[in-house]
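Here are my notes on this model, as promised.

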Amino acid sequence: MYRAQRLGLKYLTASTVMFGAMVIFGLISSIYFVRPGFLLNTFNFSTAKIVHINGLIIWLLMGFIGSIYWFLPQELQCEVEGIGLAEILFWVFCAAVAVVVAIFIFVQYGTASEFSMWFINQGRKYVEAPRWAAIGIVVVAAVFAYNVIGTAIKARRTTGILTVLIADLIPLLALYLDAFPEMSNMSADLFWWWWLVHLWVEATWEVLIGCIMAWTLIHLVDASRRVVESWLYVEVALVLGTGILGLGHHYFWIGTPHYWLAIGGFFSALEPLPLLGMVVHAVYDAGERHLQAANRPAFYWTLAEAFGNFIGAGVWGFMMTLPQINLYSHGTQWTASHGHFAFWGAYGCGVIAVLYLVVERSRASTGLDGRAWRWSFALLNIGMVGMAGALLVAGMDQAFFERAIGGSTWSAFLSMQGRPWYNQSMWARLLFGLIFAAGYAVLVYDLLSIAKPVEARVREPLAAAGA
Ligand code: HEM
Ligand code: HEM
Ligand SMILES: [Fe+2]
């Protein structure tokens, strides 16, 4: 195994730990909706949510970085350039994440000062880490980009997938710099912040996961490189063609000029197209193989990624992307329903597919087709679909009664809090959240038992038998 692959394993392990942490904070966040006095003055909802969603970003970024360290040396048949530096930075990254989480939990907030921005919270949703840590993330990402590009230069060759990946890493990194500027005009601030959030998840991350899934399909079902790469080019062209101007669906109500209503509405309505392409692509490859793959868990998670991306991002996003509808649905639980479903479908499932691929190739000594993965697959997906469904009901209730009929007034907002559908949905979300968390526990159990060294597996039954 290459050193880079061992580093990839470490990143994927850290990523799975972050996944667990963000789930715990998601569960905590959801309790306030049914018990508003929960942890009053000790740990506020806003801080729980910050840990939940920043943890989400770190979980997925670590998953992407780990996957690429795993695939890259195999792709070019050589060790990754600058791997020593990357290994050191992994530990720096983990330590920084631990410190930031501790600050979020124990310090929580400060005064509106430069000090707070540097050391407590930078204050932009999803990228709230204090400034010192944000600079650390830039350093890690820059070294990562150097690793990938440097390896291609060292090997003096590239492949279609790798070229797309390299071209994608540059805007991905550049957009993160957008987490830094301080602007006193709220509209201008939101205008640029959306460049980061939207152009990450609906453009650069989509291309990134496209590359990762392309490699996964090649390794998993021996998909033809020519077919996979042709699809990847089509998807990239469509993602960039729709995603860049689709940015307009966040510019409807923040004080930007009127023409964004038309641009945002039109282009973002086209955004499901590339996602549909990905489904066709995955199903095509599955059909080629008659739905057979040695590594069934990885294969099922790959299909879940394609469908989840299309439904959670494409269909759920499409529902509220026209300004005529967004006027009522904006910022309700409907948005949270889409946010959960899309992140899960497009990225969560993809990272889990890679986990199973990697654990099989590096650690498994027996078959993977036990029962546990089916349980975790079912529990996680039922949990997520249940949460997204519950939030959709709550969001529609808000859109109709609080917004359309109540006229978005403060009193309409307050009377909303007493409506049965809304409250029942909040309970349902908590219940499905627990099912999701059970699925996470089974996932970890399954991965650990597959990864267990052979000697341990032989030793344990012997010990149990008193030998
Ligand atoms: C046990 C599972 C989970 C529970 C109970 C949970 C609960 C919550 C809660 C209560 C919020 C705050 C919503 C609000 O401000 O109204 C939230 C936000 C969010 N969660 Fe989760 N979550 C869970 C898992 C996940 C997963 C697996 C993902 C992604 C793959 C995710 C992505 C998000 C996102 C993107 C937001 C921000 C949404 C927004 O503000 O519009 N969550 N979650
Ligand atoms: C993987 C891809 C995607 C992810 C991860 C994603 C995630 C999210 C998240 C987390 C939010 C809430 C942002 C916030 O206010 O904090 C959001 C908002 C939104 N998304 Fe997506 N999304 C994706 C793709 C799409 C697509 C393809 C469409 C349209 C077809 C779309 C349409 C929207 C719209 C209209 C909003 C604004 C909702 C509002 O006004 O409250 N999204 N998305
Ligand atoms: Fe967007």
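1. Ligand 1 first. By class, the shell around ligand 1 splits into 9 nonpolar, 9 polar and 1 charged residues. The classes go like this: Ala, Val, Leu, Ile, Met, Phe, Trp, Tyr, Cys and Pro are nonpolar, Asp, Glu, Lys and Arg are charged, and the others, Gly among them, are polar. There are 19 residues around ligand 1, and Gly 26, Ser 29, Gly 339, Phe 343 and Gly 433 come nearest. A residue counts as near a molecule if its C-beta atom, placed from the backbone, lies within 6 Å of it.

2. A word on what you're looking at: this is a predicted model, where local features need pLDDT of at least 70, side-chain atom pairs count only at pLDDT 80 or more, and totals for chains, interfaces and linings use all residues. Residues are numbered from 1 along each chain as its sequence is written, while chains are lettered from A and ligands numbered from 1 in the order in which they are written.

3. Which elements build the ligand 1 shell? Helix H1 (3-31), helix H2 (45-76), H13 and helix H16 (420-451) each put in at least two residues. The largest share, 7 residues, is from H13. Helices here are DSSP runs (H or I, at least four residues) and strands are too (E, at least two), numbered from the N terminus.

4. On to ligand 2. Its shell has 23 residues, with Ala 313, Gly 317, Gly 339, Ala 342 and Ala 346 the closest. Two or more residues come from each of helix H7 (186-221), helix H11 (296-319) and helix H13 (333-362). H13 again has the largest share, here 6 residues. By class, the ligand 2 shell divides into 8 nonpolar, 12 polar and 3 charged. Note that Gly 339 is on the list of closest residues for ligand 2 and on the list of nearest residues for ligand 1.

5. Overall fold: the chain has 17 helices and 0 strands. Its radius of gyration is 22 Å, close to the 23 Å from the globule rule for 467 residues, so the chain is as compact as a globular protein of that length. (The radius is taken over C-alpha atoms, and the rule is 2.2 Å times the number of residues to the power 0.38.) Along the principal axes, the C-alpha atoms fill a box of roughly 65 × 55 × 50 Å.

6. Buried is 20 or more other C-beta atoms within 10 Å of a residue's own, exposed is 12 or fewer, and partly exposed is in between, with C-beta atoms placed from the backbone. Of the contacts between residues at least 6 apart in sequence, 79% join residues at least 24 apart; a contact needs two C-beta atoms, placed from the backbone, within 7 Å.

7. The largest nonpolar core has 129 residues, and Tyr 69, Cys 211, Ala 214 and Leu 355 have the most contacts inside it. H7 gives the most to this core, with 20 residues. By core I mean a set of buried Ala, Val, Leu, Ile, Met, Phe, Trp, Tyr and Cys residues joined through C-beta atoms within 7 Å. Leaving out neighbours within four places in sequence, Cys 211 is in contact with Ile 161, Val 164, Leu 165 and Leu 232.

8. Val 236 sits in helix H8 (residues 225-246). It is partly exposed because it has 19 C-beta neighbours inside 10 Å. Not counting residues up to four places away in sequence, Val 236 touches Val 164, Val 207 and Gly 210.

9. Why call H2 largely enclosed? Because 24 of its 32 residues are buried. Its length checks out as well: at 1.5 Å a residue (times one less than the number of residues), H2 should span 46 Å, and its end C-alpha atoms are 47 Å apart, which agrees.

10. Two backbone spots to look at. Most residues other than glycine have a negative phi. Tyr 126, in the loop between helix H4 (114-119) and helix H5 (131-155), has a positive phi of about 80°. Tyr 126 counts as partly exposed, with 16 C-beta neighbours inside 10 Å.
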